[in-house]
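This report concerns a protein model with two chains lettered in order of writing. Please examine the sequence and the structure before reading on.

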Amino acid sequence: MITTFAAALNAGLRRAMDDDPKVVLMGEDIGRLGGVFRVTDTLQKDFGDNRVIDTPLAESGIVGTAFGMALRGYRPVCEIQFDGFVYPAFDQIVSHVAKIHYRTQGKVLAPITIRIPFGGGIGSVEHHSESPEVYFAHTAGLRVVTPSNPADAYSMIRQAIMLDDPVIFFEPKRRYWDKAEVDFDAEALPLDRARVCVSGADATIVAYGGTVASAITAAKIAAEEGHSVEVIDLRSLSPIDFDTIEASVTKTGRLIVTHEAPVFAGLGAEIAARITERCFYYLEAPVLRVGGFDIPYPPAKLEKHHLPDPDRILAAVDRSLAA
Amino acid sequence: MTNKTDYPVQLIQPDGRRVLDREHTALIADIGPEQLRALYADLVITRRIDTEATALQRQGQLGLWAPMLGQEAAQVGSAYALRPDDYVFCSYREHAVAYCRGVHPTEITRMWRGVAHSCWDPHAVNMTNPNIIVGSQGLHATGYAYAAHLDGTEIATIAYFGDGASSQGDLAEALGFAASWSAPVVFFCQNNHWAISSPVRIQSATPIARRAYGYGIPGVQVDGNDVLAVLAVTRQAAARARTGGGPSFIEALTYRMGPHTTADDPTRYRSAAETEEWARRDPIARMRKLLERESLWDETFERQVGARADEVADQVRTATIDMPDPAPTQLFDHVYATPHPLITQERSEYAAYLAGDPDEATARPEGVPT
Ligand SMILES: Cc1ncc(C[n+]2csc(CCOP(=O)(O)OP(=O)(O)O)c2C)c(N)n1
């Protein structure tokens with residue numbers, strides 16, 4: 001079936017709620033409105049307002065009460081309305097949700113999924129376009145994932161909800177309206193596995209979330225110019241599937257990592273370091289990073305410069321190939 | 001000020017008659033014919049700014065707008081109670097407060113167009129820029145008020161926020177700090193009954209003003225569509241702040257007539273009947289009835305007000321359309337107050353990239369050791 005990213009998530013949430021009565025959704029405006037991106041559309045109508053809970057306007061409250069519910073055996077799925085609003089909940093996530101399993105030596109689970117629309121490209125105002133993934137990837141005890149297409153959206157949200165660890169589930173908001181074929185019965189790739197979405201031999205681009213589509217476009221343009229570029233969709237940001245990247249880089253000898261988040265101390269740095277360790281003798285060029293600048297997310301009229309577009313990615317591919 | 005939520009303070013009845021409330025009428029005893037007309041004019045002008053900006057968004061000139069339609073009296077009335085040296089902390093819907101503080105109409109839409117994160121110079125008008133993280137400004141206002149008190153400056157600091165924001169931990173912490181420090185701050189909650197799709201009952205089981213009592217802060221509910229009542233209670237709270245009486249809490253009962261923002265569709269969550277009921281309590285219509293009763297309204301006056309509103313709306317429109325896109329390298333301006341090598345490097349690399357100078361662009365690419 002041809003489905004949008006948002007509708008695929010909706011179908012995944014619906015399926016998870018059907019499968020397990022302990023799954024509850026909670027967040028601001030998720031009931032009648034169906035969320036500001038309509039990801040939870042009609043779910044409250046069908047499952048009732050005890051399972052699709054419109055909460056008071058308080059993110060620390062949402063995650064903190066979800067934590068309490070999880071201790072009681074529920075599987076809360078929290079919606080944070082926009083990336084920039086997760087910070088009030090940061091303490092609950094990193095101090096409590098992430099650590100309870102470790103603190104109790106495995107006796108307590110916190111199977112909480114925290115859905116966060118993230119990233120830019122929709123021309124919004126401040127605090128609506130951030131890429132805060134590294135704060136969470138840097139925190140032990142959390143899984144961090146991001147689908148980049150409708151099929152993954154459908155399967156990954158279900159896997160995240162079923163997982164016994166807390167998952168930060170980033171949804172690239174500029175992809176909500178992308179449409180693609182989704183096979184609702186297909187077997188899903190494991191949640192922590194990266195996917196090679198374009199194969200190539202000359203260089204590898206690693207991307208995730210909103211930048212995957214830009215990387216694929218860059219690879220197409222490169223192909224027209226006679227360069228065969230492989231594109232990997234990371235999917236899981238913690239843990240990272242280094243085996244898949246390593247296999248690609250041992251073949252291509254060149255790696256470019258791209259993400260919207262600022263480059264300094266970003267995920268690209270982690271990937272560059274590990275791949276340099278693992279593929280030192282295969283690398284033909286230094287690992288390059290193409291990302292957001294090291295600035296606060298800029299006003300809407302400037303975001304096209306800040307977001308890595310196919311041209312900036314291609315410039316890095318050219319640099320890598322020239323090395 | 002005493003705790004008062006059983007009957008919201010009201011000074012103008014829906015038919016324009018005055019309410020016999022000696023305590024609060026005394027607070028506006030100086031508001032004569034000219035001031036009444038000025039209040040009315042500002043209600044009309046600020047509504048016109050709002051409808052113009054909404055239209056500009058529909059025409060693609062603004063990325064987004066948060067309409068304040070219906071909330072004019074709560075904003076104009078409270079802003080009239082403030083002195084220029086008082087300080088205002090706002091959220092994103094206080095366009096009428098901004099206008100009354102002296103923000104030029106040509107500055108109101110800048111952030112909404114997406115050319116900058118700010119609209120005006122806060123220190124030029126003693127009012128912060130739109131604050132989008134809801135509720136956080138309650139703490140900022142409390143800190144500012146306390147600092148002003150430490151400086152020996154007798155001013156009031158006011159924080160505007162919504163009914164939804166009252167659920168945030170930051171707001172609870174602000175009330176705690178303000179009470180503990182006896183800070184000269186006025187908490188001004190515009191209860192417009194909706195936080196996007198959430199009715200106020202999701203936020204609070206009691207009148208919001210009553211929550212303040214638990215912190216030892218006096219709270220009052222006021223008819224937020226009654227410009228004189230809002231002016232009276234805000235004057236009282238601001239005077240209390242300036243004279244060492246500590247914090248106060250005002251809950252203005254009003255209604256957001258339009259969508260939450262231009263991206264919102266209120267038909268998904270609320271009934272037309274409810275909106276119509278509130279349309280009958282329109283703050284401008286009520287003030288006009290008062291002026292008519294007191295023989296202060298005539299068609300010449302109405303024409304003058306309309307002409308002034310048109311002129312201001314035209315300023316908003318022209319300025320908005322004329323706002324150029326910022327130059328790309330402005331990305332890197334003002335990230336730090338002092339030079340920062342990483343930003344300096346990124347600025348020059350990106351400028352070179354844009355100029356298409358491959359030598360410059362490859363001189364020291366990110367991640368390549370030198
Ligand atoms: C911390 C935070 N969470 C969520 C949001 C998204 N959001 C923006 S406005 C809003 C509703 C605010 O309602 P209220 O405080 O009543 O003010 P109103 O918009 O009605 O004036 C929400 C949920 C936000 N801006 N900040």
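The model is predicted, so to speak of its conventions: local features need pLDDT of at least 70, side-chain atom pairs count only at pLDDT 80 or more, and totals for chains, interfaces and linings use all residues. Residues are numbered from 1 along each chain as its sequence is written, chains are lettered from A and ligands numbered from 1 in the order in which they are written, and side-chain values use heavy atoms, with hydrogens and water left out.

**Chains.** Chain A contains 12 helices and 14 strands; helices (H or I, at least four residues) and strands (E, at least two) are DSSP runs numbered from the N terminus. The radius of gyration of chain A, 19 Å, is close to the 20 Å that the globule rule gives for 323 residues, so chain A is as compact as a globular protein of that length. This radius is taken over C-alpha atoms, and the rule is 2.2 Å times the number of residues to the power 0.38. Chain B has 15 helices and eight strands. For its 370 residues a compact globule would have a radius near 21 Å, and the 23 Å of chain B agrees. The C-alpha extents along the principal axes are roughly 60 × 40 × 40 Å for chain A and about 80 × 50 × 40 Å for chain B.

**Backbone features.** In chain A, a cis peptide bond with omega of about 5° joins A:Ser238 and A:Pro239. A:Pro239 lies in the loop between strand 12 (236–238) and helix 9 (242–252). A:Gln105, a residue other than glycine, has a positive phi near 50° and belongs to the loop between helix 5 (100–103) and strand 5 (113–118) of chain A.

**Ligand site.** Residues from chains A and B surround the ligand, so the site is shared between chains. The shell of 20 residues includes A:Glu59, B:Tyr92, B:Arg93, B:Ile132 and B:Gly164, which come nearest; a residue is near if one of its heavy atoms lies within 4 Å. The table lists polar contacts, that is, pairs of N or O atoms within 3.5 Å.

| Residue, part | Ligand atom | Distance |
|---|---|---|
| A:Glu59, side chain | nitrogen | 2.5 Å |
| B:Arg93, side chain | oxygen | 2.6 Å |
| B:Val134, backbone | nitrogen | 3.2 Å |

On its own the ligand has 580 Å² of accessible area, of which the protein covers 96% (Shrake-Rupley method, 1.4 Å probe).

Notes
A polar contact is a pair of N or O atoms within 3.5 Å; within protein, one must be able to donate a hydrogen and the other to accept it, and residues adjacent in sequence count only if both atoms are side-chain atoms.
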